[in-house]
Amino acid sequence: MDWFPLWNSLRIAGISTVIIFFVGIFAAYYIAKVPRIVKGILDVILTLPMVLPPTVVGYLLLRVLGPKRIIGAWVLSTFGVKLTMTWWSAIFATTVVIFPLMYRTVRGAFESFDDTLAYAGQTLGLSNTYIFWHIRIPYCSQGILAGTVLAFARALGEYGATSMIAGYTPGRTATISTTVYQLWRTNDDAQAFKWVLINIAISAIVLLAVNMMERRSASRVKRGAKKEAV
């Protein structure tokens with residue numbers, strides 16, 4: 001059995017998750033501070049990939065990154081690098097698709113943060129950078145971690161946008177999702193079912209991890225409530 005689709009899916013999902021981890025936190029933190037009207041407009045723009053069909057996202061990416069399009073043509077002529085139909089082309093697709101998950105989850109965590117903690121830190125002379133990394137991030141860590149795990153799981157199962165911008169080439173661009181489709185298309189149901197089981201197993205592990213994090217967060221809130229009551 002060729003394990004390349006699993007390895008390729010894991011590295012694509014891993015790289016795109018690392019990217020949106022930092023970009024999502026940055027966007028969520030600063031957008032949460034802007035006026036309501038501006039926040040609403042930015043929310044629509046940044047969350048749009050979550051409601052658009054993945055094939056539409058892939059089509060729009062091809063319109064931008066294709067070898068005959070503005071960015072794609074410039075990169076190809078300048079660096080000799082083609083931005084489509086390579087394994088790392090899928091990173092563009094997965095990053096765009098999973099960003100809204102990370103952004104919305106982290107923004108919700110930041111909005112639930114008790115700002116009096118930040119104000120208290122400022123009165124003690126702590127810098128905003130210190131407060132962000134040592135107070136705000138630890139306080140919101142459960143939401144950030146949940147968003148990261150969900151984004152990784154979504155990236156691992158991405159098919160529509162990935163297939164359009166990276167295609168399917170065995171041993172080069174194949175992922176679990178594209179492999180399942182190609183095996184089904186060629187009537188190799190046995191191999192397709194094996195990859196389906198692998199994907200289900202990974203997804204189940206991810207969901208179990210999210211549930212465990214939610215339980216820990218709930219128990220932490222209960223312990224805090226008991227201490228306040230005492």
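User: In this predicted model, what does "partly exposed" mean, and how does Glu111 count?

Analyst: A residue is partly exposed when its relative accessible area lies between the buried class, under 20%, and the exposed class, over 50%. Glu111 has 41% relative accessibility, so Glu111 counts as partly exposed.

User: How many salt bridges are there, and which side chain meets that of Lys39 in one of them?

Analyst: Side chains of opposite charge can pair when their charged atoms come close. In this model the count is 6 salt bridges. One of them joins the side chains of Lys39 and Glu111, at 3.7 Å from N to O. This pair links distant parts of the chain, with Lys39 in helix α2 (residues 36-51) and Glu111 in helix α5 (residues 89-111), 72 residues apart. Lys39 counts as buried because its relative accessibility is 18%.

User: Where do Arg107 and Glu111 lie?

Analyst: Both residues belong to helix α5, 4 residues apart, which is about one turn of the helix. Arg107 is buried, with a relative accessible area of 11%.

User: Which residue forms a salt bridge with Asp115?

Analyst: The partner is Arg136, with the closest N and O atoms 3.9 Å apart. Arg136 lies in helix α7 (residues 128-139) and Asp115 in helix α6 (residues 115-123), so the pair ties together parts 21 residues apart in sequence. Arg136 is buried, at 11% relative accessible area, whereas Asp115 is partly exposed, at 35% relative accessibility.

User: Which residues do salt bridges with shared partners join into one network?

Analyst: The network consists of Lys39, Asp43, Arg104, Arg107 and Glu111.

Terms used: Residues numbered from 1 in each chain as written. Predicted model: local features only at pLDDT ≥ 70, side-chain atom pairs only at ≥ 80, totals over all residues. Heavy atoms only, no water. Salt bridge = Lys/Arg side-chain N within 4 Å of Asp/Glu carboxyl O. Helix = DSSP H or I, 4+ residues; strand = E, 2+ residues; numbered from the N terminus. Buried < 20%, exposed > 50% of the residue type's maximum accessible area, 1.4 Å probe, protein only.
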